[in-house]
Amino acid sequence: MIRLFLCFISLVSIRCLTAQVDLDHVSRFASTEILETVRIKKVVEGPYGFVWLATNDGLFRFDGSRLDLMFKGHFEDLDIDQVNSQFVFTSREHLILHKFSGNKTEIILKNALVEGDHILQTTVVINDSTYLVGSSYGLTQYSLRDGAIKSLQLISPDGTRGYVTVAEQDPLITDVVWVGTKSGLYEYHLSSGSYQRHWLNYFKDDRELALNLLDALYIHSDGMIYWGSWGAGLAIYDPITGEYDHLLSEVGNRTNTHVYSIIPESDSAIWISATMGAVSFNPLTGAAKSYLQSDNITDPVMDLGPVMIDKMGRYWIGYVNGLRIHDPNQSHIEIIDCPLMTNARHYIPRRVSFGRNQDLLYLAVDFSEGLYTYNLRNKNWNIYNFEGVKPNKELRIWDALWSGDTLWILERQGLYYYKEGSGIVKEIPLNLSQESYRFRSFATVTKDEFWMSSNLRGIYMAYPSRGELKHYTEIKAFKNHDFLQHVDKLHLDQNGLLWLGYKNHLWVYIPETSHFIDISANVNDGQPFLYLHDFYEDAKGIWLSTYSGVYLIQRTDGDQFESTRITTISTNNVLTDLEGDVWLITERSITKINSHNDLSQRYTKNDGLPNTGRYGYERIDRFNDDRLFLSGRKVFAIFHPNDLIPAPETPQPYFVSAFVDGIETKLHGLGLSLNYLNLEPNQNSVTIDFSAISFSSRINNRFRYKLEGVNEDWVVTGAGSKGPTYVNLQGGDYRFYVEATGTGDNWGAPAIIEIKVGEYWWQKLWVQLLLALLALCMLFVIYRIRIGRMRKQNEIQMQIVDLERKALQAQMNPHFIFNAMNSIQNLVAKSDEKGAIFYLGRFGKLLRSVLDNSNDSYVSLSKELELVENYILLESLRFQGVFKYDIDVDPALDYSDIKIPGFIIQPVVENAIQHGLIPKKGEGELKIALRQNGAILSCIVEDNGVGRQASASSNKNKGGSSVGLKILKSRLELHSQGDIEGEVIFIEDLYSEDGSPSGTRVNIKLPIQN
């Protein structure tokens, strides 16, 4: 199996990868330019989503837009200690521990590990208490528990000291650590401290030393060791048998391949990155895919393979050419390379035309060898030569258009045509001189008449069938117009108007009146519009692409024209799709302007578009089915407007810093989601700076924030905006929220800071609680006075139902309210401030319900249930949870529309609690069920208390229960007026299997008033 891989690599030098990975198209980060001048030694995805980078210039933390230098120095390695929730950073001089939470840093090893100074190279986390550090001296074992240090030199049989470069713990035998050095591979046993050297003698020359100088190491789950050398390729080594296969030693003309990275993607895919390129190898099948191999020893490819694959499946690439990323989650665009464009030419696409067969594209390309075609169905490229043109001669093709089955092609020095299916481009013999014409664009007047523009000599009329070319000075209508001596672009619109443009000039020829109109001043409010790039026509009018933006020109009446500036973005060309949205390109991005709301959306290679290098994008064209064709130099893309979807990643906001009264203050808390900030009463000015972790949609990130307690509305801001400042914060608790989104309004989970501003003595809780208690007492007195007045008024009235309801309400108030007050007093005495406040809140809601419902014979079911639930909760709290309760309401009931007689359910519930559940030993249970049957609401109150018999014999029961039930029964009978069949209140004693009382069930039939 391994031998097959060796043959593949040795003989084949091609580009090929699985369909899921396309490392040709990677994205760079604008904020990581500094990394292009350093060497990246290790990339790790840390906790909370940050990416950490060890480089020879420092240790960096990256969130997709911010690159923060955390430590200065030459860092070689970084590893995650999951057990102790910390990072291990290995610089050449120090070993640093960094806690995941709290942002705490501790240097545990300095450069003097043993006698003399030595360079630290790598660290392996062995277990929860031991680190193994490799250095230029050898190995150092460090104990986290007691700080003990034990050092060991690795001495080879020939007396060479083992300069450690890389180390990995064996996944199968945890007592073994494999240590790569400059003089072979060592098998180190932790328990005994013994070691054994492994040496490969594949070469019989100087390369043998290079093969045994290790720079990369990976131990597969099958026990095979992947051994990457500094300059002699890769070996797959079996430590049990000593057998190995040597790979990547000679690729093309290269004989000194340096393997610098071996990264597992899965158990069946290993990425090997080297100076010859990158290779994906499957250890289970022996299949291998090589990627962009290089035969030129003076121009090594180096870092094309991934050095880290994160949890989202993104490939991170970086070694000596900066940090890049390939995101397969965003690759929804068909990217096409043209293998026929191989010479060192510009290959500037000037026009894309679609033949009668919509599967075939024709590309007119400046600085090229011929006419290029691309078959959309079979993905094949072809090139048609120009008849009479020498091979490899550079053609300057500027324009192309169809007329019937003929594609007319305008070259800088002449006119050509291609008959579909002929396979060759032929020249039209015109009466041309030897002078330079510099033709730029043309338009079809009839089947045998063409307008042609020249930015040196103005415009011409060509007659292909006659082989004749007339200069504008020979055309009667144009003879006296000297301004036509320079014309760069022309367009013949559907109404027969001829549009002419040169730099910042725009003319229109009106054939019905045979005269020209200069509308240059109409375009940009009289200001020069800089340079005209192209015309585009749709149903709305003529679109101009210029350096100063995009303009829409519309003919209003006769010779009058109106101009509208669509955008100030400079662009090479513009088009509209079937939805009316406007698309335009800049050098390194395309922009969509929504026709409905004028909002613009910018897309770059970070959104899956091709990477065209330094020159950027050249053109954008549209298929009949609304697909778009984006052209660059040698690379193209096909996509539907809907294919440009946002990245699947939701940005994760976090706080960068907080400043209190202008001084940076450390935030406390775990992780990124929740943080704490405790301030003194006089610290009342806070500035908060935030960012977001986002590696896919970082360019379009937006934020929204609010400070709960100050403003309840969200403030929306863009990426890179300054954080807010809040001044004169009063004592109390606040919550600052910030959320982020990549595109649209799909906001992710917030990051939160809980801010506590200290209070002065008059703002203390106990003072406010005392005032609240006094206010409550006053409320209670007022309430009692009001109830008394209402009783007197009700005695005068003839409405017996209201009289009984008030009497029943008064029956509950005295003992329950005073008991509740006693409970609040006890909580305050115990300094249970939270409990007292909660109890007071619930008690206040109950009193409010009583007051709200006291004036109406009928109340809504929702208000009645709210009163009952508050009463039950207060009783449960007062008796410290001696019973639990459940309220089961039919989901079909409409709480707000149904009205029932007030204070019917609560007395029954009170009776069940006081006389059934409180005397019960053990946990009590109260159930309330409501069901509607036509105009009747059935309410069942059931408890598992001591039962009526035991309750009646208790001294606590003096008959109040039976009196209350009689009143309820009378009220219900009066309200129902005989419409309810049977008993309105039915009481059922419940018994257990042994015959002992096990509770009471009361079924109440309530009339409904809609």
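Trainee: Leaving aside neighbours within four places in sequence, which residues is Thr591 in contact with?
Mentor: This is a predicted model. Beyond its neighbours within four places in sequence, Thr591 is in contact with Ile569, Val582, Trp583, Leu584, Ser600, Gln601 and Arg602.

Trainee: And where is the place of Thr591?
Mentor: Thr591 lies in strand E52, which covers residues 590–593.

Trainee: Is Thr591 buried or exposed?
Mentor: Thr591 is buried, because its relative accessible area is 4% and buried means under 20%.

Trainee: Changing topic, what is the order of strands in the open sheet of four?
Mentor: The order is E18-E19-E20-E21, and the pairing is antiparallel.

Trainee: Which strands stand at the edges there?
Mentor: Strands E18 (214–219) and E21 (244–247) do; each has a single partner strand, so one side of each lacks a neighbour in the sheet. From one strand to the next, the twist averages 15°.

Trainee: How many bridges join E20 to E21?
Mentor: Four bridges join strand E20, residues 234–237, to E21, and the two run antiparallel. Among the residues involved, Leu234 has Leu247 in E21 as its bridge partner.

Trainee: Now Val828: which helix is it found in?
Mentor: Val828 belongs to helix H5, residues 800–829. Val828 is partly exposed, with a relative accessible area of 39%.

Trainee: What is Val828 in contact with, leaving aside neighbours within four places in sequence?
Mentor: With those set aside, Val828 is in contact with Leu769 and Ala836. The C-alpha atoms of Val828 and Leu770 are separated by 9.4 Å, and these residues are 58 residues apart along the chain.

Terms used: Residues numbered from 1 in each chain as written. Predicted model: local features only at pLDDT ≥ 70, side-chain atom pairs only at ≥ 80, totals over all residues. Heavy atoms only, no water. Pairing = 2+ DSSP bridges. Axes fitted to C-alpha atoms, helices over the stretch in contact; angles between N-to-C directions. Buried < 20%, exposed > 50% of the residue type's maximum accessible area, 1.4 Å probe, protein only. Contact = heavy atoms within 4.5 Å.
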